[in-house]
Amino acid sequence: MIEGIDGFEGRSSLQTWVFRILVNVAKRRGVAEHRSLPFSSALPADDDSGPTVDPSRFQGADEPYPHHWRALPAPWPSPEQELLHRELGARISAALDELPRRQRMVVGLRDVHGYTAAEVCSILEITPANQRVLLHRARAFLRARIDEYLSTDEPRTGMGRQAAT
């Protein structure tokens, strides 16, 4: 049974009327879905050959549990762990903002972006000794802020801790 057949007025053939409904539905869907991409379009096209998971991650035929995983995946963090991790990240970010500009640049290049000491010296046009001093002071400051955060007895929440009075 075609829904809405009672709306057919006979001004055209039934075939033309149904076809026009089909065209209108297709146009509406095209407008609504033109902004979305299918999930498969984000996958690289050239990776369609071979296994999805490396076969070495599975037990062999001569092992106790053939074709089962060799090791269990790492457990996901609990919501509490994730909340604490984010809060600590926010504290570290705030502490980085407190650093003097040169110290923040050195620790950012070395510890965040992974540049070598020589590369940092070249980028910032500073001596190796100056780079070491700036890095040491920045890390000491950040370590003190993290220790301060972790050593308080107050409960940690996503809203942060209030300073002790």
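Leaving aside neighbours within four places in sequence, which residues is Ile92 in contact with? Ile92 is in contact with Leu142 and Ile146; contact means heavy atoms within 4.5 Å. The close-ups below start from the whole chain and return to Ile92.

This is a predicted model, in which local features need pLDDT of at least 70, side-chain atom pairs count only at pLDDT 80 or more, and totals for chains, interfaces and linings use all residues. Residues are numbered from 1 along each chain as its sequence is written, and side-chain values use heavy atoms, with hydrogens and water left out.

**Figure 1. The chain as a whole.** The secondary structure comes to five helices and zero strands. Helices (H or I, at least four residues) and strands (E, at least two) are DSSP runs, numbered from the N terminus. Along the sequence the pattern reads α-α-α-α-α. Of the 165 residues, 14% count as buried. Buried means under 20% relative accessible area, exposed means over 50%, and partly exposed lies in between (1.4 Å probe, protein chains only). Take the contacts between residues at least 6 apart in sequence: 41% of them join residues at least 24 apart.

**Figure 2. Helix α2 against helix α5.** The two axes come within 10 Å and cross at roughly 140°. That makes α2 oblique to α5. Axes are lines fitted to C-alpha atoms, for helices over the stretch in contact, and angles run from 0 to 180 degrees between N-to-C directions. Angles under 35 degrees count as roughly parallel, over 145 as roughly antiparallel, 65 to 115 as roughly perpendicular, and the rest as oblique. The crossing of α2 and α5 is right-handed. A crossing is right-handed if the near helix is turned clockwise from the far one by less than a right angle, and left-handed if anticlockwise. From α2 come Leu84, Glu87, Leu88, Arg91, Ile92, Ala95, Leu96 and Glu98; they meet Phe141, Leu142, Arg145, Ile146 and Tyr149 in α5. By class, this contact of α2 with α5 has nine nonpolar, no polar and four charged residues. Ala, Val, Leu, Ile, Met, Phe, Trp, Tyr, Cys and Pro count as nonpolar, Asp, Glu, Lys and Arg as charged, and the others, Gly among them, as polar.

**Figure 3. Ile92 in helix α2.** Ile92 is found in α2. Its relative accessible area is 29%, so Ile92 is partly exposed.

**Figure 4. Helix α3 against helix α4.** Helix α3 (residues 101–112) and helix α4 (residues 117–124) pack at an angle of about 140°, with axes 10 Å apart. That makes α3 oblique to α4. Their crossing is right-handed. Arg102, Met105, Val106, Leu109 and Arg110 in α3 meet Ala117, Val120, Ile123 and Leu124 in α4. By class, the contact of α3 with α4 has seven nonpolar, no polar and two charged residues.

Figure 5. Gln103 lies in helix α3. Gln103 is buried, at 12% relative accessible area. Not counting residues up to four places away in sequence, Gln103 touches Leu134, Arg137 and Ala138. Ala117 has its place in helix α4. Ala117 is partly exposed, with a relative accessible area of 29%. Leaving aside neighbours within four places in sequence, Ala117 is in contact with Arg110 and Gln131. The C-alpha atoms of Ala117 and Gln131, 14 residues apart along the chain, are separated by 7.2 Å.

**Figure 6. The aromatic pair.** The structure holds one aromatic pair. The rings of Phe58 and Trp69 have centres 4.6 Å apart and planes at 35°, so the pair is tilted. Rings of Phe, Tyr and Trp (its six-membered ring) pair if their centres lie within 6.5 Å; planes under 30 degrees apart count as stacked, over 60 as edge-to-face, and the rest as tilted. Phe58 and Trp69 both lie in the loop between α1 (14–33) and α2 (79–98), so the pair ties together parts 11 residues apart in sequence. Phe58 is partly exposed, at 25% relative accessible area. Trp69 also counts as partly exposed, at 42%.

**Figure 7. Two residues with positive phi.** Most residues other than glycine have a negative phi. His67 is not a glycine, yet has a positive phi of about 70°. His67 sits in the loop between α1 and α2 and is exposed, at 63% relative accessible area. Glu125 is not a glycine either, and has a positive phi of about 55°. Glu125 is found in the loop between α4 and α5 (128–151) and is exposed, at 72%.
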